[in-house]
Amino acid sequence: MKIDVEYLEFMWPMRHFLITCGDIKEKSNIVAISFCMPLSKEPPLIACAIGREFYSYNLIKNTKEFIINVPQKELKSKIYYCGFHSGYQVDKFKKTGLTPQPARKLKVPIIKECVAHMECTVKQELVTGDKVLLIGEVIEAYADKTLIMEQDMEYAMGDFPKKIYTTRFD
Ligand SMILES: Cc1cc2nc3c(=O)[nH]c(=O)nc-3n(C[C@H](O)[C@H](O)[C@H](O)COP(=O)(O)O)c2cc1C
């Protein structure tokens, strides 16, 4: 017998990322994102689905830039903080203690405590339901030399409340 299920149940595990946006000298923000996938090796393109109402998207649609920061397990509580709070209400750098640092090419800050960073410029946007699919070209990608990819990453296993995948304003 086959039963009805939530389609997302079959998409786990997903890796968690912390996306930064805005301008390091003015207003910047951090958002937790798991709906993220590579699209092309040449040119290097990556897609992220982000809530249309999010503070982050409001910054990204103006600057056309974002950075995908790769957190390790030890940042789990900060990942969740950034995924449960909005930049409309709080300064997530201040609240989490994560450190903004200048990126190589973009005005967007990287997160010092993350182990890898992909600097992206927005090439295309597509509205997909409650999200906007951002197609970014990776113009710089760099990581801690000592990074051991498989050991310490934080994955989503579908064991957290479904409400995080809806916008925070519904
Ligand atoms: C682990 C985790 C992963 C998330 N992944 C996504 C995602 O891929 N896309 C999305 O639109 N929201 C995702 N969210 C929800 C946003 O991070 C959340 O709504 C956030 O508060 C928006 O912040 P902002 O208004 O400052 O941009 C995720 C939340 C968590 C906790």
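Contact here means heavy atoms within 4.5 Å. Keep that cut-off in mind as you load the whole protein: among contacts between residues at least 6 apart in sequence, 66% join residues at least 24 apart. The model is predicted, so local features need pLDDT of at least 70 and side-chain atom pairs count only at pLDDT 80 or more, while totals for chains, interfaces and linings use all residues. Residues are numbered from 1 along each chain as its sequence is written, and side-chain values use heavy atoms, with hydrogens and water left out.

**Overview**

Switch to cartoon. Of the 170 residues, 46% are buried. Buried means under 20% relative accessible area, exposed over 50%, partly exposed in between (1.4 Å probe, protein chains only). Show the surface next. Areas follow the Shrake-Rupley method with a 1.4 Å probe; for residues, only the protein chains shown count as cover.

**The cores**

Select I50, F66 and I68. Within the largest nonpolar core, which has 24 residues, these three touch the most other members. Such a core is a set of buried Ala, Val, Leu, Ile, Met, Phe, Trp, Tyr and Cys residues joined through side-chain atoms within 4.5 Å. Elements giving two or more residues to this core include β2 (17-22), α1 (55-63) and β10 (131-143). A second, separate core has 9 residues, C82, F93, I111 and C114 among them. In soluble globular proteins, nonpolar side chains tend to be buried together.

Stay on I50. Beyond four places in sequence, its partners include V31, I33, Y57, I60 and L134.

Now pick C21, in strand β2. C21 counts as buried because its relative accessibility is 0%. Leaving aside neighbours within four places, C21 is in contact with K27, S56, L59 and V108, among others. Draw a C-alpha distance from C21 to N58: the two are 37 residues apart along the chain and separated by 9.5 Å.

**The ligand**

Select the ligand and its shell. There are 23 residues around the ligand, and A32, F35, S56, S86 and G87 come nearest. A residue qualifies if one of its heavy atoms lies within 4 Å. β3 supplies the largest share, 4 residues. The shell divides into 11 nonpolar, 9 polar and 3 charged residues. Ala, Val, Leu, Ile, Met, Phe, Trp, Tyr, Cys and Pro count as nonpolar, Asp, Glu, Lys and Arg as charged, and the others, Gly among them, as polar.

Zoom in on the ligand's oxygen atoms. One is 2.9 Å from an N or O atom in the N29 side chain. A polar side-chain atom of K92 also lies 2.9 Å from a ligand oxygen. For Y55, a polar backbone atom is 3.0 Å from a ligand oxygen. The protein covers 100% of the 650 Å² of accessible area that the ligand has on its own.

Go to P43, in the loop between β4 (36-40) and β5. The peptide bond from E42 to P43 is cis, with omega near 0°. P43 is 8.2 Å from V138, C-alpha to C-alpha, across 95 residues of sequence. The bond from W12 to P13 is cis too, with omega near -5°.

Finish at K64, in the loop between α1 and β6. K64 is not a glycine, yet its phi is positive, about 60°. Most residues other than glycine have a negative phi, and most peptide bonds are trans.

Conventions. A polar contact is a pair of N or O atoms within 3.5 Å; within protein, one must be able to donate a hydrogen and the other to accept it, and residues adjacent in sequence count only if both atoms are side-chain atoms.
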